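Please look over the sequence and the structure, then read the points below.

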Amino acid sequence: LGRLILSRLLEEGGNLNFHRTKSVAHHTRAGEAGADACMQVIIWDDAKQQVAIQIPVLTTVRGVRLSRTHVVVALQNSVRVYKFRSPAELWSVFETADNPLGLCCLTATSLAFPGRTPGQVQLVELSTGNVSIIPAHGSALRAIDISRDGKILATASEAVSKHRHIHQASLTYLGNLGTSIC
């Protein structure tokens, strides 16, 4: 990103993440609507030194994940999934429980994020759109991740809790890995 753009993003409270040759930035675009000011996800093509995709959203962006085929935008109470093309094409919207941490994980084949009920995980198969609901914890999620090979889903909750590990393909519960305070 050019210095001017990067400086402006940081001054406006933006975040910057890097993904291979693309830089991803999301920031508040000041508007006349005050508290209802529009938010944007900007995907920067570093090789071309220009904005590749702009995705306007109506609430604060909590997290962004990229793959070669999808852009995932985590908001306070939903996850929006776009096809990675210009202009961005909305593929699906999923409602979630309160998600202030912007929790979501994206692999080449699947997407995981909080369910509609605190403690649940929604696991989406990107090729079919099939959704599995996993009751992982009794309280809100604090962390979620998928192994590099995409076979293991790991979660932790807000409460003193065990980290749960689930075999993703069969949704088989693999057990707890110790107890910790998250």
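**Aromatic pair**

The count of aromatic pairs in this structure comes to 1. The two rings belong to Phe-94 and Phe-113; their centres are 5.3 Å apart and their planes stand at 45°, so the pair is tilted. The model is a predicted one.

- Phe-94 is in strand β8, while Phe-113 is in strand β10 (residues 110-114), so the pair ties together parts that are 19 residues apart in sequence.
- Phe-94 has a relative accessible area of 9% and is buried, because buried means under 20%.
- Phe-113 has a relative accessibility of 0% and therefore also counts as buried.

**The chain as a whole**

- The protein chain contains 1 helix and 16 strands.
- It has 182 residues, of which 41% count as buried.
- The accessible surface of the protein chain is about 10000 Å², and carbon and sulfur atoms account for 51% of that surface.
- Taking contacts between residues at least 6 apart in sequence, 24% join residues at least 24 apart.

**The largest nonpolar core**

In soluble globular proteins, nonpolar side chains tend to be buried together.

- The largest nonpolar core of this model has 13 residues. The members that touch the most other members are Val-41, Ile-55, Val-57, Val-61, Val-71 and Val-73.
- Two or more residues of this core come from each of the strands β3 (39-45), β4 (50-57), β5 (63-66) and β6 (70-74).
- What does Ile-55 contact, leaving aside its neighbours within four places in sequence? Its contacts are Met-39, Gln-40, Val-41, Val-71, Tyr-82 and Ala-88.
- Among these contacts of Ile-55 are Val-41 and Val-71, and both of these valines are listed with Ile-55 among the core members that touch the most others.

**Leu-101, a loop residue**

- Leu-101 sits in the loop between β8 (89-95) and β9 (105-106).
- Is Leu-101 buried, partly exposed or exposed? Its relative accessible area is 41%, and Leu-101 is therefore partly exposed, as this class lies between the 20% and 50% limits.
- Not counting residues up to four places away in sequence, Leu-101 touches Arg-62 and Arg-142.
- Leu-101 and Leu-75 are 26 residues apart along the chain, and their C-alpha atoms are separated by 9.0 Å.

Technical notes. Residues are numbered from 1 along each chain as its sequence is written. This is a predicted model: local features need pLDDT of at least 70, side-chain atom pairs count only at pLDDT 80 or more; totals for chains, interfaces and linings use all residues. Side-chain values use heavy atoms; hydrogens and water are left out. A nonpolar core is a set of buried Ala, Val, Leu, Ile, Met, Phe, Trp, Tyr and Cys residues joined through side-chain atoms within 4.5 Å. Buried means under 20% relative accessible area, exposed over 50%, partly exposed in between (1.4 Å probe, protein chains only). Helices (H or I, at least four residues) and strands (E, at least two) are DSSP runs, numbered from the N terminus. Contact means heavy atoms within 4.5 Å. Accessible areas come from the Shrake-Rupley method with a 1.4 Å probe; for residues, only the protein chains shown count as cover. Rings of Phe, Tyr and Trp (its six-membered ring) pair if their centres lie within 6.5 Å; planes under 30 degrees apart count as stacked, over 60 as edge-to-face and the rest as tilted.
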